[in-house]
Amino acid sequence: MHTINSGTSAGAQLRHAIASQQPLQIVGTINAYTAMMAERIGHKALYLSGAGVANASFGLPDLGMTSLNDVCEDIRRITGASSLPLLVDADTGWGGAFNIARTVKEMTRAGAAGFHIEDQVAQKRCGHRPNKEIVSQAEMVDRVKAAVDARPDPQFVIMARTDALQQDGLDAAIERALACEHAGADAIFAEAVHSLEQYQAFTSVLSIPVLANITEFGATPLFNRTELAHVGVKMVLYPLSAFRAMNKAAENVYQHLLSDGDQKAVIDSMQTRMELYDYLNYHSFEAKLDALFKK
């Protein structure tokens, strides 16, 4: 389900969604089923977080410990279950220019609509943690150029993420964003921004769309979509919101099973069997079986 129709690539779908939504909300999905739910509810774009892959698929912290192949497996599962365009966290690209080129090609082949690549060193950290280290502006520009040059689909979205704000200040982060735009980036992801005024500073000088990462429990306040629209932000990302809620719900169930001996106290917080079947179109599969094996 990588495309709505045979003539529209996933990258073209994402570009259309960015242009038509004001701004576009991009929701994190950690697996195929949550992608199906997000699409049914009415969202127009999905996201696969590097932290989500590490945490949910491998039980690892977000410290650059997963591989390109690990991420591509989750991309294939999500794009196989949903027709929505998927933006993917490519971390630092998994190496130099040739590695970045391979990342673009493999993610495109897996069905991704675009990715963001960042300016942290290879041994990266979560963007909202202290003591991040970033590469030189020249090296980040080379990363962007390598990605742009390698894409087999010219519509595949190359987004440049900068973590320079926390390290070097607003002016340096904007300078990097402008350099990435000049290198061919299609959009800018400014990480760990603290105020609407700072977002305005980015959008006022850039001619390409800016993404706001509205992740919980981090450095960025939980600005509303309307507030961000007023300062020119074109995309709003919620990378792990559903995942955090799922984790808390699961923790609560596990605790009640152990303490109560049953799940009666938490049954009202669960998705029902019929709700699950509805999202999965279970009954249409069952009807097909009945038709195929009718006696």
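In the predicted model, the largest pocket holds about 680 Å³ of space. The pocket is lined by 23 residues, of which Y33, T34, M37, M246 and Q271 are the closest to its centre. Strand 1 (24–28), helix 2 (32–41) and helix 11 (241–260) are the elements that each give two or more residues to this lining. Helix 11 makes the greatest contribution, with eight residues. Sorted by class, the lining comprises 15 nonpolar and eight polar residues, and no charged residues.

Four aromatic pairs are found in a search of the whole structure. One of the pairs joins F115 and F156 in an edge-to-face arrangement, with 5.6 Å between the centres and 80 degrees between the planes. F115 belongs to strand 4 (residues 114–118), whereas F156 lies in the loop between helix 6 (137–150) and strand 5 (157–162), so the pair ties together parts that are 41 residues apart in sequence. F115 and F156 are both buried.

Another aromatic pair, formed by Y277 and Y282, is stacked, with 4.1 Å from centre to centre and 10 degrees between the planes. Y277 has a relative accessibility of 18% and therefore counts as buried, the cut-off being under 20%. Y282, with a relative accessible area of 31%, is partly exposed.

A contact between a charge and a ring is also present: the charged end of R161 sits over the ring of F189, at 5.3 Å from the ring centre.

Key: Residues are numbered from 1 along each chain as its sequence is written. This is a predicted model: local features need pLDDT of at least 70, side-chain atom pairs count only at pLDDT 80 or more; totals for chains, interfaces and linings use all residues. Side-chain values use heavy atoms; hydrogens and water are left out. On a 1 Å grid over the protein atoms alone, a cavity is a set of points where a 1.4 Å probe fits but cannot get out, and a pocket is an open set with protein on both sides within 12 Å along at least five of seven lines; lining residues have an atom within 4 Å of a point. Grid points are joined across faces, edges and corners, and a volume is the space filled by probe spheres set on the points. Helices (H or I, at least four residues) and strands (E, at least two) are DSSP runs, numbered from the N terminus. Ala, Val, Leu, Ile, Met, Phe, Trp, Tyr, Cys and Pro count as nonpolar, Asp, Glu, Lys and Arg as charged, and the others, Gly among them, as polar. Rings of Phe, Tyr and Trp (its six-membered ring) pair if their centres lie within 6.5 Å; planes under 30 degrees apart count as stacked, over 60 as edge-to-face and the rest as tilted. Buried means under 20% relative accessible area, exposed over 50%, partly exposed in between (1.4 Å probe, protein chains only). A charge sits over a ring if NZ of Lys or CZ of Arg is within 6 Å of the ring centre and within 35 degrees of the ring normal.
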